[in-house]
Amino acid sequence: MSDDLLVVEDLEKHFPVTRGIIFQKQVASVQAVDGVSFTVKPGETLGVVGESGCGKSTMARCIMRLLDPTGGKVIFDGRDITNLSRAQMRPIRREMMMIFQDPYASLNARKRVGFIVAEALEVHKLGTDAEVKRRVQELLEVVGLNPEHYNRFPHEFSGGQRQRIGVARALAVNPKLIVCDEPVSALDVSVQAQILNLLKDLQQDFGLTYVFIAHDLNVVRHISDRVMVMYLGKVAELAERDKLYAAPKHPYTGALLSAVPIPNPEMGRQRKPVVLEGDVPSPINPPSACRFHPRCPRFHEGHCDVEEPPLYSFSNGHVAACHYPLERWPLTAEEFRKAQSGPTGAKATAEAEA
Amino acid sequence: MALLEVNDLKTYFRTDDGIVKAVDGVSFQVEKGQTLGIVGESGCGKSVTCLTIMGLNAKRNTITSGNALFRGEDLLTMNSRRLREIRGDDVAMIFQDPMTSLNPVHTIGRQLTEAVLLHRDVTKSQARARAVELLKAVGIPRADRRIDDYPHQFSGGMRQRVMIAMALVNDPDLLIADEPTTALDVTTQAQILELMNRLQREFGSAIIIITHDLGVVAETADDVVVMYAARIAEQGTVDEIFKRPHHPYTWGLLGSLPRLDTDTERLVQIPGQPPSLLNPPRGCRFHPRCPYVMNVCKQEEPELKQVTGDHDHLQRCWLDEQTKDREAAKLLHASMAEATS
Ligand SMILES: Nc1ncnc2c1ncn2[C@@H]1O[C@H](COP(=O)(O)OP(=O)(O)OP(=O)(O)O)[C@@H](O)[C@H]1O
Ligand SMILES: Nc1ncnc2c1ncn2[C@@H]1O[C@H](COP(=O)(O)OP(=O)(O)OP(=O)(O)O)[C@@H](O)[C@H]1O
Ligand SMILES: [Mg+2]
Ligand SMILES: [Mg+2]
């Protein structure tokens, strides 16, 4: 048995696409998550980034068992939870919490906020009424809300305030693992700093473990120990944070890094992102072999569209699924397009991971 | 005449605990073809400002005053028929919460087609074609097929893009975009911003963009309004705000950014809690959290005044200009060091 808190093995979630009204016939499937594997150690933060619609939230929901995976395994704290029943999951639920991406949709509109946060505590029977109320008010303050917010309804909050309610609710039961799906995207940078600092403090004090999904690459860089880049249901690249930002291997990672806006009007206007051409592919009918090939500036016909790249490994633990990885970083647009190491080169320098 | 002119806008909500002054005397203008960025602390009144302009606050419990002149017509007092005509056609809004603004029981296609039919004299199939075209433009793969999906079958970012498509249906003259790209990855974000840019180039539309991403503001806005606790703390051209910010709250914002070059364990955060809008602080609303606080700040609220040498740059702070210029220069220096590293 490993010492990992979370092990995800070959996770797969396909949604059926049906036609017909009375006799629903499955005509295809959305391959939202398609063979994703990774591990997270206790006290570690794994950042997850990737294009909108690439399967991050679906993956998170499968880990939480809010969705049933169609394949693969989820092992939490040494226990395979993939096939546990609802009742068997109940005691585990308070050890793994989730902060949802859509804060409004995940809050009960008819309940006051104090109740919503307390609910997590009460479901798990943690303390008397007075204790619960005190703890809730503490939590609200910790996430930067006023005590006057205790009696309000979700619709009376701003977008960022709702997001913080979600954070407070996740923290309520002292879980071991928190899967954060865009926990700070609706927050201004100062409140965001406050939440990120809080998450880091909690990690230090209680050894919390995070899977942290976000689009803001600066935020991910700040909070993560390792970062996973997903593309269309698969892992494109996984590496230690500094490696990924300093020396990305996958062209998609490169395109992402070059697209980060710069908070400086002059420099921002000069920024030259790598433009991804072509249509965004669909998970219903994903491209053959390397799923990124139709948009990849380094595409090699007869190779990338024929042979699916395995996760080649580079230096310790840095893996990327690309036949023509980037040689260095940053690259000029010219260099970006011209892959130097041929198919044999890539294979020679990197042995495929099983 | 500006395309949109907002004067002394106030929106108060009655709640069980008292009156929440969510927007408290906000004025700004937007010219044709220009982009105004609105930034500010979470909960400071950015969305409510825009919802009020669009006439979309619940009538019950809401007290509104001031005016919002769109081509000279006051959106706040016009009759609801005229407002409906303008809304979704001349003025469109992208909402912050995509799930709440999409109807969960209707397909994406039906909602988009209805938006087209409402303002345009076209056939159903033409409307549907327009809907597919827009879904493609916002980067939804296999748009022709996914148009018959329900909102819950879309990812967070895809729903947000549907909202954007919906707002662009009739090529509006004024687009109000509330956090249009927060749920999107940076490459999709770039695509959406380009789409908005094209709307501006082709139709000379004006855009109000609310965002927490200062990078997006820097790269898209012509003018910037910085709000704090229901009021404007500072406003000016984008270059002025980023190069010569004159309000300690703006300094705090620019200073809280996670930076790519530094490995700080902790981010700088503005100390203290966001203010209550039930009982906003006396004097300058930022004073309890301001590192530069003086006695006068606790007594009297500063007015929104011009910065010497730039009549477009307004700020609300008691500090002397010398100190402000010095602090602004320090910040700029730090951010230049970061960006060039
Ligand atoms: N219906 C309501 N009743 C009472 N208070 C409200 C109501 N709607 C909004 N508020 C309050 O008004 C203030 C402004 O809200 P608004 O949604 O404009 O914030 P915002 O600046 O858009 O914040 P964010 O960046 O988090 O979206 C908030 O403090 C919020 O709690
Ligand atoms: N219930 C469902 N039925 C059918 N398809 C679904 C369903 N839920 C999600 N999908 C599809 O699965 C894919 C992945 O969705 P998911 O929400 O995981 O994306 P995501 O990576 O979280 O994106 P975002 O960054 O936009 O939130 C999308 O194409 C989405 O349309
Ligand atoms: Mg998601
Ligand atoms: Mg808002």
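The crossing of helices H4(B) and H7(B) is right-handed, meaning that the near helix is turned clockwise from the far one by less than a right angle. This is a predicted model, where local features need pLDDT of at least 70, side-chain atom pairs count only at pLDDT 80 or more, and totals for chains, interfaces and linings use all residues. Residues are numbered from 1 along each chain as written, chains are lettered from A and ligands numbered from 1 in written order, and side-chain values use heavy atoms, without hydrogens or water.

Back to our pair. The axes of H4(B), residues 108-119, and H7(B), residues 156-168, come within 9 Å and cross at roughly 20°, so the two helices are roughly parallel (an angle under 35 degrees). From H4(B), Ile108(B), Gln111(B), Leu112(B) and Ala115(B) meet Val162(B), Ala165(B) and Met166(B) of H7(B), with contact meaning heavy atoms within 4.5 Å. By class, that contact has six nonpolar, one polar and no charged residues.

Now, what does H7(B) do with H8(B), residues 186-203? Their axes come within 12 Å and cross at roughly 5°, which makes H7(B) roughly parallel to H8(B). Arg161(B), Ile164(B) and Leu168(B) of H7(B) make the contact with Thr188(B), Ile192(B), Leu195(B) and Leu199(B) of H8(B). Here the classes are five nonpolar, one polar and one charged.

How far can we trust the prediction? Chain B has a mean pLDDT of 89, with 96% of its residues at 70 or more; pLDDT is the predictor's confidence in each residue, from 0 to 100. The model scores ipTM 0.83 and pTM 0.88.

Terms used
Axes are lines fitted to C-alpha atoms, for helices over the stretch in contact, and angles run from 0 to 180 degrees between N-to-C directions. Helices (H or I, at least four residues) and strands (E, at least two) are DSSP runs, numbered from the N terminus. Angles under 35 degrees count as roughly parallel, over 145 as roughly antiparallel, 65 to 115 as roughly perpendicular and the rest as oblique. Ala, Val, Leu, Ile, Met, Phe, Trp, Tyr, Cys and Pro count as nonpolar, Asp, Glu, Lys and Arg as charged, and the others, Gly among them, as polar.
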